[in-house]
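Please consult the sequence and the coordinates alongside the text.

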Amino acid sequence: MGHPLEPLSLSEIEECVRIVKAAQEDVRFERVELKEPAKALVRAGASVEREARCVVYKLGSIGAWVYDVRLATGATKVEYFPGAKPMIQAEEMDEIEAVVKSNADFVAACEKRGVTDMELVCVDAWSSAGEWPEKEDEKGRHISHTFAWAKTSKFDNLFAHPIEGVCAVVDIKAREVLRVDDYGIVPVPWTEINYDRSFVKETRRDLRPIEITQPEGTSFKLDGWQLTWAGWSLTVGFNAREGLTLHDLRFRDRSVVYRASLAEMVVPYGTPEGGHYRKNVFDVGEYGIGALTNSLELGCDCLGAIAYLDGHVVTMSGGTRTIKNAVCIHEEDTGILWKHYDYRTKRTETRRGRRLVVSTVATVGNYEYGSFYYLTLDGALEFEIKATGIILG
């Protein structure tokens, strides 16, 4: 048996789903994750029963159920939250897009702007940043306030062509367009700005390859989800909401951090124009960057001698999905750590620094977020989040 803070395995997620489905029919699954045992029990090294926490909801009504499931016995404890609104699921994004594109008012608004081929229209399901008092038809509903773009071809960068001023407001639970807000016609910019490989005809040829090798193997050891390196020991975790988490981090057997995670990331947009004033996205709590984590590729996302961990998440229907190579672990050379030249002895002493990197990358719409934890030789822990992807047009 591994560490009690290791994430749920694929079979544990499946068992939790089976138990919850037997207890309640016709539910959609938001997430299934480890119910972390009490810190005191973990620190004491006590034997801990594995438990899962499962959040489910139903279409057509607000509210969510939280099940705590004892996996060995099947015993459950459930609590209902009548006002809760779950994260927008990845599968729901496609469903919301289809509902909007079939709406006559939305189609007419696009036609006013010269967009007539709905196959080339893309609609993103944005969260609504809470209830808006002046919007009576939104009260008591789970709302998505959508934005739209157009493509000129299959692999075209849609974000270069915003269908500005058109925001379809969708009741997520009912899969219904409540209304289409039109803030005035702005011509669609059709200039193509593309990054897809099919459009890139020339690449730079002045840079030669950099090879990073460790012929004697890596200095870290990965045993399941247990990671040790240069005096460090920790448990790597992963869940659908936060994505990468680190647990019980110790340096030379002294506690550094018990739990490290990106608890939330809010992106407040500043423009008051049109429907943009409603953009105030909580990317972790409203979408779940764990569920949106990329499968990483050697040579592109990760360079060097790499170890990977797969992430497991539940689907909306209660199935499971494995994110291959969700977590990347590798060492990096960080340059000169310390150096001194002794002019009397004519001797130079140099020590090079290095760090251990544990990382993931998640795609939330147009943005990519890279989460990087750095562990250093002197016992320091640093977290960096990098934003990349495509700026909205």
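## Helix α1 and its buried face

In this predicted model, the buried residues of helix α1 are Glu12, Ile13, Cys16, Val17, Ile19 and Val20. Viewed down the axis of α1, these buried residues fall within an arc of 165°, so they line one face of the helix. The elements covering them include β1, β2, β3 and β4, together with β17 (307-314) and β18 (320-342).

Strands β1 and β2 (residues 51-57) run antiparallel and are joined by 6 bridges. Valine 32 has cysteine 54, in β2, as its bridge partner.

Arginine 70 is located in strand β3. Its relative accessibility is 40%, so it counts as partly exposed, the class between under 20% and over 50%. Setting aside residues up to four places away in sequence, arginine 70 touches Glu49, Arg50, Glu51 and Ala75. Leucine 337 is 267 residues from arginine 70 in sequence, and their C-alpha atoms are 48 Å apart in space.

Valine 313 stands opposite arginine 321 of β18. The hairpin of β17 and β18 has 5 residues between the strands, and glycine 318 takes a positive phi near 100° in it.

In soluble globular proteins, nonpolar side chains tend to be buried together. The largest nonpolar core of this chain has 41 residues, and Val100, Phe106 and Ile163 have the most contacts inside it. Two or more residues of this core come from each of the helices α3 (90-101) and α4 (104-112) and the strands β5 (121-124), β7 (147-150), β8 (166-171), β19 (347-364) and β20 (367-376).

Which residues surround isoleucine 163, leaving aside its neighbours within four places in sequence? Isoleucine 163 is in contact with Cys110, Arg113, Val115, Val121, Ala148, Trp149, Ala150 and Val188.

## The five-stranded sheet and phenylalanine 251

A second open sheet is formed by 5 strands in the order β10-β11-β12-β13-β14, with antiparallel pairing. Its edges are β10 (221-223) and β14 (254-261), each with a single partner strand, so one side of each is left without a neighbour in the sheet. Direction ignored, neighbouring strands of this sheet are turned by 20° against each other on average. Within the sheet, β12 (residues 232-239) and β13 pair in the antiparallel sense over 7 bridges. Glycine 237 stands opposite threonine 245 in β13.

Is phenylalanine 251 buried or exposed? This residue of strand β13 (residues 243-251) has a relative accessible area of 7%, under the 20% limit, and therefore counts as buried. Beyond its neighbours within four places in sequence, phenylalanine 251 is in contact with Ala230, Gly231, Trp232, Val256, Thr376, Leu377, Asp378 and Gly379. Of these, leucine 377 is 126 residues from phenylalanine 251 in sequence and 9.4 Å away in space, C-alpha to C-alpha.

## Overall organisation

The chain contains 4 helices and 21 strands. Its C-alpha trace spans about 80 × 60 × 35 Å along the principal axes. Of the 393 residues in the chain, 45% are buried. Among contacts between residues at least 6 apart in sequence, 56% join residues at least 24 apart.

Conventions:
Residues are numbered from 1 along each chain as its sequence is written. This is a predicted model: local features need pLDDT of at least 70, side-chain atom pairs count only at pLDDT 80 or more; totals for chains, interfaces and linings use all residues. Side-chain values use heavy atoms; hydrogens and water are left out. Two strands pair if DSSP finds at least two bridges between them. Buried means under 20% relative accessible area, exposed over 50%, partly exposed in between (1.4 Å probe, protein chains only). The arc is that of the directions from the helix axis to the C-beta atoms. Contact means heavy atoms within 4.5 Å. A nonpolar core is a set of buried Ala, Val, Leu, Ile, Met, Phe, Trp, Tyr and Cys residues joined through side-chain atoms within 4.5 Å. Axes are lines fitted to C-alpha atoms, for helices over the stretch in contact, and angles run from 0 to 180 degrees between N-to-C directions.
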